[in-house]
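Biologist: I'm new to reading protein models. Could you walk me through one, feature by feature?

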Amino acid sequence: MFDLTPDEWVAVRLSLRIAAVATLFALPLGVAVAWLLARRNFWGKSLLDGFVHLPLVLPPVVTGYLLLIWFGRRGLIGAFLADHFGIVFSFRWTGAALACGVMGFPLLVRAIRLSLEAVDRKLEDAASTLGASGIWTFATVTLPLALPGVVAGMVLCFAKALGEFGATITFVSNIPGETQTLSAAIYTYTNIPGGDAAAGRLVIVAIVIALAALVISEWFARRAGMRYRGD
Amino acid sequence: MLSFDAEKKLSDFTVTAKFETGAGVTALFGPSGAGKTTIVNMIAGLVAPDRGRIEIDGALLFDSAAKLNVPPHRRRIGYVFQDGRLFPHLSVAQNLDYGRWMRGLPRDDAERDHVVAMLGIGHLLNRRPGKLSGGERQRVAIGRTLLTQPRLLLLDEPLASLDAARKVEILPYLERLRDEAEIPMIYVSHQASEIRRIASRVVRLDSGRVTGIGSLELIDAAETMLA
């Protein structure tokens, strides 16, 4: 039962790679946007907030279709990236990573923003009187104190990326070995007569990965909390 | 020497103050809500005055006419906060070294050892702030600030969050600090007894205004008035 076939392994590995790449690329942008939303007041802030949260409320198929229009080979951004940097998204695993990153982005930003807002501004003031410029204060005080939230956001984003289905399949289709993620593979197997066993195996894999991610993030958050209390 | 002349409108009243401080310890004395903390925050650069001019040793820190406002990290003014504000994710030793890292100062073990010994915090170096008592935390906060080699030291009610026993524990360290470190200090407090032990000069504040500048007798006058 637990011996995955080579095809199933391909889907599992591809899913992990897509989710990891999506999370890592979303992270720096997510920290920047979360910081803007948590600490700055500027014109169009609620617009940015709304835009970031759109993938959370839009039907995933709509998000996928918008990605197809913008980031497809003939899309405005897609054509530009392909011509100038040789980066192609359509029907590639990179496109799946983009779709997963976009879908996980709101969860990432939300968690990081909350943890940034929880950091005591008085400690940042103290850092500045000790000679730390804004960037150094952020790097040595704000970010380390917000780290549990950053990790929680990464786990949420990773989990979302792992389970993403609608936007990915709309944007880059369901190509085995290239864009067929764990979720897409399970969907495919459930449509094949006799595919129940394979689907069941992949379901168990999905549960194991999700649980592992949760346990790791819990452990990390608890460890960070202990450190700050001085244990 | 610090020369302060600035104004800041707060939600319920306006702080307007003009005074100068020199060597030694100057006390900012007045009841809670007199604007003492707002004034030290303006000196440190954490609060921008609405208008005015702040100058230290001939260098401008703030001048509304010239639209000049030096950011706090370039002012070289040490600030010991009422609530310590140690970094909880760093050890005591790392807290002490933080200012040196940020200012890019060379490592000076002799100076560090001297400050650590003066404040009696040698046994705490490997601990984290979360496990320190209030008095220990305040001593580390004072040491952390001293080690940045400030040209002026602001102490904002450094004993206010401590109980009576802890206050008695810290006061001798503050006296040593005054006698050994040649840094001018501004000591904010509403406690006459603390000021008598530490300060030699008093700037008295009430409702955002300076009501007297002079020797320690000013506190006695204030107390007679209250009595």
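Modeller: Let's begin with B:Ala59, which is found in strand S5 (residues 59-63) of chain B. Helices (H or I, at least four residues) and strands (E, at least two) are DSSP runs, numbered from the N terminus. Keep in mind that this is a predicted model, in which local features need pLDDT of at least 70 and side-chain atom pairs count only at pLDDT 80 or more, while totals for chains, interfaces and linings use all residues. Residues are numbered from 1 along each chain as its sequence is written, chains are lettered from A and ligands numbered from 1 in the order in which they are written, and side-chain values use heavy atoms, with hydrogens and water left out.

Biologist: Is B:Ala59 buried or exposed, or something in between?

Modeller: Buried means under 20% relative accessible area, exposed over 50%, and partly exposed in between (1.4 Å probe, protein chains only). B:Ala59 has a relative accessible area of 29%, so the residue is partly exposed.

Biologist: And which residues does B:Ala59 touch?

Modeller: A contact means heavy atoms within 4.5 Å. Leaving out residues up to four places away in sequence, B:Ala59 touches B:Ile54 and B:Arg151.

Biologist: How should I read the side chains along a strand?

Modeller: In a regular strand the side chains alternate between the two faces of the sheet. Look at strand S7 (residues 77-80) of chain B: B:Ile77 and B:Tyr79 point one way, B:Gly78 and B:Val80 the other way, and all are buried.

Biologist: Which strand is joined to S7(B)?

Modeller: Two strands pair if DSSP finds at least two bridges between them. Here four bridges join S7(B) to strand S8 (residues 152-156) of chain B, and the two run parallel. Within this pairing, B:Gly78 stands opposite B:Leu153 in S8(B).

Biologist: What is a salt bridge, and how many are there over all chains?

Modeller: A salt bridge is a side-chain nitrogen of Lys or Arg within 4 Å of a carboxyl oxygen of Asp or Glu. The whole structure has 19 of them over all chains. One joins the side chains of A:Arg201 and A:Glu8, at 2.9 Å from N to O. A:Arg201 lies in helix H10 of chain A and A:Glu8 in helix H1 (residues 6-39) of chain A, so this pair ties together parts that are 193 residues apart in sequence. Both A:Arg201 and A:Glu8 are buried.

Biologist: Which residues are linked in a network of salt bridges?

Modeller: That network links A:Arg39, A:Arg121 and A:Glu124. Within it, the side chains of A:Arg39 and A:Glu124 meet at 2.7 Å, N to O. This pair links distant parts of the chain, with A:Arg39 in helix H1 of chain A and A:Glu124 in helix H6 of chain A, 85 residues apart. A:Arg39 and A:Glu124 are both buried.

Biologist: How do I read the place where chain A and chain B meet?

Modeller: Start with buried area, the accessible area (1.4 Å probe) that two parts lose on being put together, summed over both. Chain A and chain B bury about 2000 Å² between them, 65% of it on carbon and sulfur atoms. The contact takes 22 residues from chain A and 23 residues from chain B.

Biologist: Which residues form the salt bridge across this interface?

Modeller: One salt bridge is found there, and the side chains that meet in it are A:Lys122 and B:Asp83 (3.6 Å, N to O). On the side of chain A that touches chain B, helix H6 (121-129), helix H7 (134-163) and helix H10 (196-229) each supply at least two residues. The largest share, seven residues, comes from H6(A).

Biologist: Can you show me a residue from helix H6 of chain A?

Modeller: A:Ser128 lies in that helix. A:Ser128 is buried, with a relative accessible area of 10%. Not counting residues up to four places away in sequence, A:Ser128 touches A:Thr137, B:Leu46, B:Pro72 and B:His73.
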